[in-house]
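Thanks for making time for this. I will walk through one structure, and you can follow along on the screen.

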Amino acid sequence: MTKKNITLTTALLLIALLWSSAGEEPDWAHLLEMRLPSQRQVGSVESSSVLRYKPQRNPNYSKEAAEAYYERRESLIRGFYGGEQADHVMKKLRNGQELIMWIGVAQRQETIQALPLIAELLNHQDESVRRVATQALIWFGDRRGFDFVMSQMEAPDSTKWWGIFEKSFGGATPTEYLPRLKALIQSKSDNQVEAYVIAVVLAQMGDADAAKYVVPVIEREPETSVDTILKLVNVREPTVTVLMQKLSREGSPAKVKHAADIVLGKQGDLAAQQRLIDAAKRLIALPQSENADGSEKPGLKPKFIGEVTPAWDVDAVFALEYGMEVVAPEQAVPVLRDIAIRADNVYFSRTAVELLAKIGNDAARNALWDVARSAKERKRTFEDTIFTNIGKALMLFDDETSASLATIMFSGDTHGMETSQFLAETRGWEGLFKLEMFY
């Protein structure tokens, strides 16, 4: 068997040998458990009858599922790039060439056989390489990445790791580390800034103890704490609710109000959810910033990302991006359908499509059918640029109408369709819209 044609099953055996040579067995259970935090209990998750997703095919489900998933993933990559280019990942990592770039490629392509090589780079002399290697291991759910960040945070000089700790480590919500995190925040309690950083990570895991460190900071500086407010969305604690109710009233900047409403909306506050709906609806009436020939309309095209113009409502965009996820599906679906079909901005429409796909029920599927049929008529100048996005969303659903419309949206891209169906069946929405596609 040539090197080009080696299967990933063989590669996984190689991982076992490498780990065994270090005196360890592959920690499959921990790796599978942590890979996709939102599906950590994937073995007990029931797939919706309207979706293609099969929990038993998720690589988190078992070692056998993981082997089958990564073998198929590699065959798709080889089919798209060819064997020689696909083999570059391992070759470059072994040779130590352009490590930061090739770690990124290994992550994007989910080259799981690269994990032992990436783990070795935690000892690399270049700090930038160590940081990227750490982020990649965490992204894969490899315990060595999480342990490395924890060891850096437990050290006296941890400031250089705060960003990765909050974004990568905290974003993965590894609740297995809660005891160490609680011990860590106690040991750092004299340093208010560092305690706050740790508390934000605890908040992302829904830990109520985070409130006593985070709430005072938000109270002092609400206008600069929007991102922190959003981190409290899973925290159920009375002081959080009281503060959010205060911030959602008149007197706070609109973005702060919306952030507070998102926390309240997640708690089931119907009035907060309605305020988010009303804000997101404003996007439908905003004008397109370009003419049909692609030329700019004077005064409408933003000069930089986020600039407020008559064609861009920052607060309404925020309500769409973050708020519609906490709105009850029966209220969210009609609004998202209208935005996806009528909003004269490709970003608004594409975001609404992704959120409909995330809801993933019958009503959302039917709304996506309407979106696809409307897009076929090319009523807006950008319709063809969101065909693939709509196709991916439809690929989540296991019925003939969705498959037929998805085929039209993919416009002959058979590789894109095949890959999307594979990811829809094995990872669901997370696979299609959170994993970085390789084509």
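The model is a predicted one.

With that in place, take helix α17. Its buried residues are covered by elements that include α13 (226-231), α15 (254-266), α16, α18 (329-342) and α19. The buried residues in α17 are Ala 316, Val 317, Phe 318, Ala 319, Leu 320 and Gly 323.

Ala 316 sits in α17, and its relative accessibility is 0%, so Ala 316 counts as buried. Leaving out residues up to four places away in sequence, Ala 316 touches Ala 279, Ala 280, Arg 282 and Leu 283. For Arg 282, the C-alpha atom is 6.3 Å from that of Ala 316, although the two residues are 34 apart along the chain.

The second residue is Glu 321, also placed in α17. Glu 321 has 25% relative accessibility and therefore counts as partly exposed; the cut-off for buried is under 20%.

Phe 348 brings us to α19. What does Phe 348 pair with? Its partner is Trp 312, in an aromatic pair that is tilted, at 5.3 Å centre to centre and 40° between the planes. Trp 312 is in the loop between α16 (270-281) and α17 (314-323), while Phe 348 is in helix α19, so the pair ties together parts that are 36 residues apart in sequence. Both Trp 312 and Phe 348 are buried.

The next residue along from there is Ser 349, in helix α19, which covers residues 346-359. Is Ser 349 buried or exposed? Ser 349 counts as buried, because its relative accessibility is 0%. Its side chain makes a polar contact of 3.4 Å with the side chain of Arg 380. Apart from neighbours within four places in sequence, Ser 349 is in contact with Ile 339, Ala 340, Arg 380, Phe 382 and Ile 386.

Now a helix pair elsewhere in the chain. Two packed helices are described by the angle between their axes and the distance between the axes. For helix α8 (residues 143-154) and helix α9 (residues 162-171), the angle is about 140° and the axes are 10 Å apart. The crossing of α8 and α9 is left-handed. On the α8 side, Phe 146, Val 149, Met 150 and Met 153 meet Trp 162, Ile 164, Phe 165 and Phe 169 of α9. Sorted by class, this contact has eight nonpolar residues, no polar ones and no charged ones. As a reminder on the spacing, an α-helix has 3.6 residues a turn, so residues three or four places apart point the same way.

On to the rings. How many aromatic pairs does a search of the whole structure find? The search gives 13. One of them is Phe 146 with Tyr 177, which is stacked, with 5.8 Å centre to centre and 25° between the planes. This pair links distant parts of the chain, since Phe 146 is in helix α8 and Tyr 177 is in the loop between α9 and α10 (178-187), 31 residues apart. Phe 146 has 1% relative accessibility and so counts as buried. Tyr 177 is buried as well, with a relative accessible area of 4%. Ring pairs also link Phe 146, Phe 165, Phe 169 and Tyr 177 into a cluster.

Two backbone details. Glu 98 is not a glycine, yet has a positive phi of about 45°. Glu 98 is in the loop between α4 (83-95) and α5 (99-108), and at 52% relative accessibility it counts as exposed. Ser 411, likewise not a glycine, has a positive phi of about 50°. Ser 411 lies in the loop between α22 (400-410) and α23 (414-426), and counts as exposed at 52% relative accessibility.

To finish, the whole chain. The secondary structure comes to 24 helices and zero strands. Of the 439 residues, 53% count as buried. Among contacts with a separation of 6 or more, 64% are between residues 24 or more positions apart.

Terms used. Residues numbered from 1 in each chain as written. Predicted model: local features only at pLDDT ≥ 70, side-chain atom pairs only at ≥ 80, totals over all residues. Heavy atoms only, no water. Helix = DSSP H or I, 4+ residues; strand = E, 2+ residues; numbered from the N terminus. Buried < 20%, exposed > 50% of the residue type's maximum accessible area, 1.4 Å probe, protein only. Polar contact = N/O pair within 3.5 Å; in protein donor to acceptor, adjacent residues only side chain to side chain. Contact = heavy atoms within 4.5 Å. Axes fitted to C-alpha atoms, helices over the stretch in contact; angles between N-to-C directions. Left-handed = near helix turned anticlockwise from the far one by under 90°. Nonpolar A, V, L, I, M, F, W, Y, C, P; charged D, E, K, R; others polar. Phe/Tyr/Trp six-rings, centres within 6.5 Å; stacked < 30°, edge-to-face > 60°.
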